[in-house]
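Subject: Structure for you to look at

Hello,

I am passing on a structure, with notes on a sheet and a cavity below it. Please read them alongside the model.

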Amino acid sequence: MNRIICDEYEDLSRSAADIVADQIGKKPDSVLGLATGSTPIGLYEELVRRCDAGKIDFSKARSFNLDEYYPIMKNNPQSYNYFMHEHLFSKVSFSSARILDGETDDPLGECAKYDEEIKAAGGIDLQLLGIGVNGHIGFNEPAESYSMPTYHVKLSGSTISANSRFFTDGEKPPTSALTMGFGAIFGSKSILLLISGASKAQIAKKLFEGKIHTGIPACLLLLHPNVTVILDRAAAAEL
Ligand code: PGA
C-alpha cells in the first residue's frame, strides 16, 4: 500500500483531490466509486472548488456509491443519497451517478442489479474508501466471512452507535444497509483510502502492521495491488 501522511485534514483533502483529478485527467469517462461519511467531505469541497475554477470536469465521469442505509427514504437527510446530493451532485455534474436504492421493496434484486451495472460500466477505475473505527469498509462489518457481491447487511452494534450521533429527535438509526461487497471493491483498478482523526489511530496501526487480521475487513485491502492510503497526522499517530 502506498502511504501518504499529511499534516492536517485540509492537506489530506487536497492530496486526495489531486489523485481524483489525475484519474479524471487521464480518463475523463472514469468510473468512480464514491463514499460517504465525515472523512470525504473536505475532498468533495475541494473537488467542487476545482470544478468551479474549471480545473476538473466530471461531465463524462460515472459514479457508483459504496452503500446506503436500508430501508431509508432518499429525502431523509441521513440517507447517503441525500448526503451525496448535498455535498457533490447538486454542485458538480456527472454523466451518471448511481446510489443503491434505500426505498426499494426488492433489496436482493437491487443488489444484483447494482453489480450488473458496475460490470457493464467496465468496473470501477478509482474507488474512494473511508474506514470505520472497527475496520469496516463500506458496510462490510467485521465477520467470519465476507460477501463478494453487493448485499443486504445487518449493521454491527458499534456501527449503529457510531452513526446514532447523526440521528436526532428520537429517530432510530437504521440497523441494516445495502453495501458493495468485496467483489466490486476488489475489482476496482485502484483504491484510495482516507483515514482522518485520532479516533482512527488504532485501526490505522492495525492496518499497517502488515498482517491480514481476518476480523478487520480493511486488512483485506493489503491484498489489492494498487491501494493508496492518505492519513492526517492524528490518524497516523500510532504508526
Ligand atoms: P467517517 O466514517 O468518515 O464518518 O469516519 C467512515 C466509515 O465509517 O466508513
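β4 pairs with strand β8 (residues 176-179) in the antiparallel sense, over three bridges. Strands here are DSSP runs of E of at least two residues, numbered from the N terminus, and two strands pair if DSSP finds at least two bridges between them. This is a predicted model, where local features need pLDDT of at least 70, side-chain atom pairs count only at pLDDT 80 or more, and totals for chains, interfaces and linings use all residues. Residues are numbered from 1 along each chain as its sequence is written, and side-chain values use heavy atoms, with hydrogens and water left out.

The open sheet has three strands, in the order β4-β8-β7, with antiparallel pairing. β4 (67-69) and β7 (151-154) are at the edges with a single partner strand each, so one side of each has no neighbour in the sheet.

The structure also holds one cavity of 30 Å³ or more. A cavity is a set of points, on a 1 Å grid over the protein atoms alone, where a 1.4 Å probe fits but cannot get out; lining residues have an atom within 4 Å of a point. The largest cavity contains about 60 Å³ of space, a volume being the space filled by probe spheres set on the points, which are joined across faces, edges and corners. Its lining includes V20, L32, Y44, Q127 and L192. β2 (31-34), α2 (41-52) and β6 (126-129) are the elements that give two or more residues to this lining; helices are DSSP runs of H or I of at least four residues.

Regards

Methods. 1 Å grid on protein atoms, 1.4 Å probe; cavity = no way out; pocket = protein on both sides within 12 Å on 5 of 7 lines; lining within 4 Å.
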